[in-house]
Amino acid sequence: MSGIALYHWEPNANSGKPMLALMEKGVSFDSHYIDMLQFDQYKPGYLAINPQGTIPAMTHSGAWGTRVLTESTAIMEYVNEEFAGPALMPADPRDRWRIRWWMKFMDQWLGPSFSMIGWSVFVGPMVRQRDPAELDAAIERIPLPERRVAWRKAISGQFGEAEMAESRRRVALGIGLLEQELGKRAYVGSDQYSLADINIFNSTYSLPLSQPDLAGKDRTPNIMRWLKRVYQREAVQKTWAMGRTDLAHRYSLIMEGID
């Protein structure tokens, strides 16, 4: 047994990153589904593991005791370095630099824009169907004040037009840069499948559906070839089979659309 427990939501975005890294390495883990739409991440059981209430989180138990790991990209790097299995970082230093550049670009610049759009069109509408008083009480339990603000904006549909416009601008720019990058090599940052592909795939997997005016067979052929290559990986298919929401259905629609 690996002694790994992973606390995650759907197999996309941040939750999907350590899920897929573990699958690629062939590491078994105990899956604990944290339903973000039900605010499970702010309930006492999960807060005892990660007091900040962010997901995912991973625990690794062994003779040393139990390690608690948070922050999805850092968890991926831990998984790659701690466990045997296929290397998810290349040996070449320049490739490693390029991969880390792309992961930082996604985590700090492009990812938040994908997130804002996703919260506006998916998370907010799903959650606001619940009782307003119940929602308000749940939001008040959120430890981080910036997350309380984000949830209130998503639920009330109050992301400003300027905020949304900036997110759309960043997404368009990011898609253009990714298309250029994938015209140079088979994968993101390297000719070897790596953590950068896992990181970026988990936020761009639905581009043909979510951004049809920016991505598709004609506009972004390099991205489409890369998406198909990643979608066909056994670890990706096993990971997405763990989904419980409509996101998993969207995955199957995209699989059909990129053939």
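Rings of Phe, Tyr and Trp (its six-membered ring) pair if their centres lie within 6.5 Å; planes under 30 degrees apart count as stacked, over 60 as edge-to-face and the rest as tilted. In this predicted model, local features need pLDDT of at least 70 and side-chain atom pairs count only at pLDDT 80 or more, while totals for chains, interfaces and linings use all residues. Residues are numbered from 1 along each chain as its sequence is written, and side-chain values use heavy atoms, with hydrogens and water left out.

Across the whole structure, 13 aromatic pairs are found. In one of them, the rings of Phe 39 and Trp 151 have centres 4.6 Å apart and planes at 40°, so the pair is tilted. It joins distant parts of the chain, 112 residues apart: Phe 39 lies in the loop between strand E2 (30-33) and helix H2 (44-47), and Trp 151 in helix H6 (residues 145-156). Helices (H or I, at least four residues) and strands (E, at least two) are DSSP runs, numbered from the N terminus. Both Phe 39 and Trp 151 are buried, that is, under 20% relative accessible area, where exposed is over 50% and partly exposed in between (1.4 Å probe, protein chains only).

Trp 102 and Phe 105 form an edge-to-face pair, 5.5 Å centre to centre with 85° between the planes. These two residues are 3 apart in helix H4, and therefore separated by about one helical turn. Trp 102 is buried at 6% relative accessible area, and Phe 105 is buried at 12%.

Elsewhere, ring pairs link Phe 201, Tyr 205, Trp 226, Tyr 231 and Trp 240 into a cluster.
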